[in-house]
Amino acid sequence: MKNKECRWIGVLLLLVLVGCGDDRAPQTEFGSVKSVRAYREMVEDIIVEANAIEQDFRETAVGSTGQATGNNLSTAAMRLRPRLVAAIDQLDRVKVPKKLVETHADVHAALMLRLEAFDLMIAGWNVEQQQTFDTAQPLYTDATKKLNEATGILNQLNEVLLEVDIALAEADSRTLVG
């Protein structure tokens, strides 16, 4: 009799342990809620900084004449370059959920395009000083193309990041209801 009671207690303990709810972390289509939320918050801060750098650049690259000169472009690029490099370094340290690796690579590519554009503007001003504006013009044109490409990538990323935000909100609502 005592053996039967022990077995029943053992079976009950097993049922309690197995039936104690779902220990899996809440998930989104992009990965666990915890990892996706941490990623999203880190990347948001970096994107905000990158946009602030871009805004600062656009406001200061135009001189008192209302024209963006090689000197103004170069001065603004040199001043803001360290902030952009720091943002890229911060992005490189972010832990990326597997299903957001491609998105992360796109953010990185956009920031690198902006950095390349800054470097082209600095180089353009050096060429302009040593030679002529006409010689430097292709560098400025390439820099503008890279800035526009980076902006296009970041605009497309906004759609993906919105999907991530929606997935997080849906996971939160499931957690609250469930």
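The questions below take the labels one at a time.

Modeller: One caution to begin with: this is a predicted model. The chain holds 5 helices and 2 strands. In sequence order the pattern is α-β-β-α-α-α-α.

Biologist: How do you know that Arg40 and Glu44 form a salt bridge?

Modeller: By distance. The cut-off is within 4 Å, from a side-chain nitrogen of Lys or Arg to a carboxyl oxygen of Asp or Glu. Arg40 and Glu44 come to 2.8 Å, N to O. The pair therefore qualifies as a salt bridge. Both residues sit in helix 2, 4 residues apart, or about one turn of the helix.

Biologist: Why is Arg40 called buried?

Modeller: Its relative accessible area is 11%. Buried means under 20%. So Arg40 is buried.

Biologist: And what makes Glu44 partly exposed?

Modeller: Glu44 has a relative accessible area of 31%. Partly exposed lies between the buried limit of under 20% and the exposed limit of over 50%. Glu44 therefore counts as partly exposed.

Biologist: Which Asp residue forms a salt bridge with Arg40?

Modeller: Asp165, with the closest N and O atoms 2.8 Å apart. This pair links distant parts of the chain: Arg40 is in helix 2 and Asp165 in helix 5, 125 residues apart. Asp165 itself is partly exposed, at 31% relative accessible area.

Biologist: Why do you say that Asp119 and Arg81 tie parts of the chain together?

Modeller: Asp119 lies in helix 4 and Arg81 in helix 3, so their pairing joins parts 38 residues apart in sequence. The closest N and O atoms of this salt bridge are 2.6 Å apart. Asp119 is partly exposed at 31%, and Arg81 is partly exposed at 28%.

Biologist: Is Thr28 buried or exposed?

Modeller: Buried. Its relative accessible area is 10%, and the limit is under 20%, so the label holds. Thr28 is found in strand 1, residues 27-28.

Biologist: Which residues touch the most other members of the largest nonpolar core?

Modeller: Phe57, Leu84, Leu111, Phe118 and Met121, out of 45 residues in that core. Helix 2 (33-60), helix 3 (70-92), helix 4 (101-130) and helix 5 each supply at least two of its residues. The largest share, 13 residues, comes from helix 5.

Biologist: What share of the chain is buried?

Modeller: Buried residues make up 33% of the 178 residues.

Notes:
Residues numbered from 1 in each chain as written. Predicted model: local features only at pLDDT ≥ 70, side-chain atom pairs only at ≥ 80, totals over all residues. Heavy atoms only, no water. Core = buried A, V, L, I, M, F, W, Y, C linked by side-chain atoms within 4.5 Å. Buried < 20%, exposed > 50% of the residue type's maximum accessible area, 1.4 Å probe, protein only.
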